[in-house]
Amino acid sequence: MAINVPPSRQRVEPGSFDIPLGELPETNKTTPENPDEIATEIIRRLNTTLVSGDKEAIAEILSDNGYWRDHLCFSWDLRTVKDREDIIALTAGQENLKIEIDRGSPLKAPHAGPIDAFGEVHGIEFFIKITTKNGAGSGVVRLAQYGEEWKIFTVFTSLASLFGCDEAIRKNRPTGVQHGAQQGRQNWQDRRIAEEGFEEKGPAVLIVGAGQGGLTAAARLKMLNVDTLIVDNEKRIGDSWRKRYHQLVLHDPVWYDHMPYLPFPECWPIFTPKDKLADFFESYVKLLELNVWTQTEIMETKWEEDTKRWKVMLYRSTDDERVERHVLYPRHIVQATGHSGKKKVPIFKGMDGFKGDRICHSSEFTGAKPDSKGKKAVVVGSCNSGHDIAQDYYEKGYDVTMVQRSSTCVITSDSIVNIGLKGLYEEGGPPTEDADLYLYSIPPPLLKAQQIKVTKMMNQNDAKTLEGLEKVGFKVDMGPMDAGLIMKYFQRGGGYYIDVGGSQLIIDGKVKVKQGQEISEIRPKGIAFADGSTLDADEIILATGYQNMRSNTRLIFGDEVADRVGDVWGLNQEGEFRTIWQRSGHPGFWFMGGNLALCRYYSRILALQIKAIEEGITTY
């Protein structure tokens, strides 16, 4: 029986949902003269009805097909609910609830205009401050006009702080000194050594992995006064980036990539080289005084149900090659080993008999060898890593062929910067925290609908590149439902290329393409395909992606933990991410990862949940 396999552009992580497109209201483009008055009255009514729990009154100010996206304000989950009944079920009858309009800037204050980013639907948009029984947060509201009546179309609420647990920043910063005469008084260095070594007490949270996920989570937890230790098996902080291929540079611009508490300097390049990012990570740890043990391996873990804590045995190598054994009892473990899992290494017939210079996965590729003119390289895979590696090979003089087995969503870096991120993440744009709040205020189904239009605009800008690729046999797509790169990333975690020069090499024939054929076997000096064709190869790089993050859970923490947690990444039925940054299915176990921008926002979401459990506000 034939299996119906969806095309590459529609493929999602197993168990993930290809969420439907959201629908915008049909409103006119007339501009109300009094947007602030309209917004003020709507918020007054909303406060009254939410506190009273009057379902009929709440329904009267909500549109029929509206959305409420909530991150921890109304529950300890990440939710996007649609339609009146679901919104009422989420929000009604809350204690000590208060919503206020935030008039802190022209962006935040109520203003009339487009509420869809393209000028097709006009309404009123404004930021809010929200107080709940547990803490305070922020959000964004969009109003649409239905006939003569204004109603709420979308609301976003995101918890930012817990009562009595303010971050140790600005007016709450530490004094840094204890004045007065005190016997045995320690200086800063003494205290820092003791803190980093956990000489007097163990960590409440153990984070595994010192990449952007682990560092941002640790930074948020430190500011909330939660004792946290990061462990990493590399020799230096940042080595997970340093050891990647030689020419690697971030494809996202600096304005999108800032880290919490310490944004990149104003002189920072737009696109960050890998080694520069690695050095920044080292500086980030020192300046924020994060506790990191490098050259440390987890040997054994066990969840103790009766005490609600973990028993973790670690082996830590020192610079003088001694190995220290440590046993810790954290209440939380955060797996921050990257949002991907084990590398996907396809097993082809004849791999062991390959006689060329090397065959390896892209994660093991350290760079093409210089002055290798005449050498033949084959890169299996046609997404970001595949293109970057092929470009590196070409620049070193290799004869390069890329094997493309399905289609790829291709967007140029120019389109990402000047269309996709323009207005939010750009030079002179809004403060990063405001930009994040605005971006996440878009309910996922509406974001997907919006991205169809954004992708169309970017493809028009990239028309010459896309047409050139098609002419030479490289297959391109526009992502799930034509919603482009960002939705491919959210729903699948890959399948795209941000073009930084590789596409033109393919168009010019400097990197050749073998498209649509499955590999039948690896031969001593090349590759044979299902159609009978062959390629000679001195080097073969498998840019074939990674498994689910849960696969690393099984390797590090064993079957008992891996069997209880959910699959990571992809979207649930509401359009929120699965498992990561929230309860995983196993008590005291969390996942953290994603690109720098996702880590910046969701590190706070993760840290607040852990802090709430530590304070007894909620439970596992």
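Select helix H11, residues 432-440, and colour its buried positions: Asp434, Ala435, Asp436, Leu437, Tyr438, Leu439 and Tyr440. Buried here means under 20% relative accessible area, with exposed over 50% and partly exposed in between (1.4 Å probe, protein chains only). Helices (H or I, at least four residues) and strands (E, at least two) are DSSP runs numbered from the N terminus. That makes H11 a mostly covered helix, with seven of its nine residues buried.

Before going on, note that this is a predicted model, where local features need pLDDT of at least 70, side-chain atom pairs count only at pLDDT 80 or more, and totals for chains, interfaces and linings use all residues. Residues are numbered from 1 along each chain as its sequence is written, and side-chain values use heavy atoms, with hydrogens and water left out.

Now show what surrounds H11. Its buried residues pack against E1, E5, E6, strand E7 (149-162) and helix H18 (596-614). Contact means heavy atoms within 4.5 Å.

Pick E5 from that list, residues 122-131. Eight of its ten residues are buried, so E5 is largely enclosed by the rest of the structure. Next, bring up its partners; two strands pair if DSSP finds at least two bridges between them.

- Strand E3 (residues 98-102) runs antiparallel to E5, joined by five bridges. Click lysine 98 and you'll find threonine 131 of E5 opposite.
- Strand E4 (residues 111-114) is also antiparallel to E5, with four bridges. Here proline 114 has histidine 122 as its bridge partner in E5.
- Strand E6 (residues 135-146) is antiparallel to E5 over eight bridges. Lysine 129 is partnered by serine 138 in E6, and three residues sit between E5 and E6 in their hairpin.

While you have strands on screen, remember that side chains in a regular strand alternate between the two faces of the sheet.

Hop over to E1, another element that H11 packs against. Strand E1 (residues 62-71) pairs with strand E2 (residues 78-82) through five bridges in the antiparallel sense. Select aspartate 70 and look across to arginine 79, its bridge partner in E2. Then step into the six residues between the strands of this hairpin, where leucine 72 takes a positive phi near 80°.

Next stop: serine 584. Where does serine 584 sit? Look in the loop between helix H17 (559-562) and strand E28 (589-591). Serine 584 is buried, with a relative accessible area of 6%. Draw a distance from its side chain to the backbone oxygen of phenylalanine 589 and you get 2.7 Å. Leaving aside neighbours within four places in sequence, the contacts of serine 584 are Arg564, Val565, Gly566, Thr579, Phe589, Trp590 and Phe591.

Finally, zoom out to the whole protein chain, which comes to 18 helices and 28 strands. Its C-alpha atoms fill a box of roughly 75 × 75 × 55 Å along the principal axes. Of the 620 residues, 55% count as buried. Among contacts with a separation of 6 or more, 68% link residues 24 or more positions apart.

Colour by pLDDT, the predictor's confidence in each residue from 0 to 100. The chain mean is 93, and 98% of residues reach 70 or more. Over residues 1-5 the pLDDT is below 50, and this stretch has zero contacts in the model beyond near neighbours in sequence.

Conventions:
A polar contact is a pair of N or O atoms within 3.5 Å; within protein, one must be able to donate a hydrogen and the other to accept it, and residues adjacent in sequence count only if both atoms are side-chain atoms.
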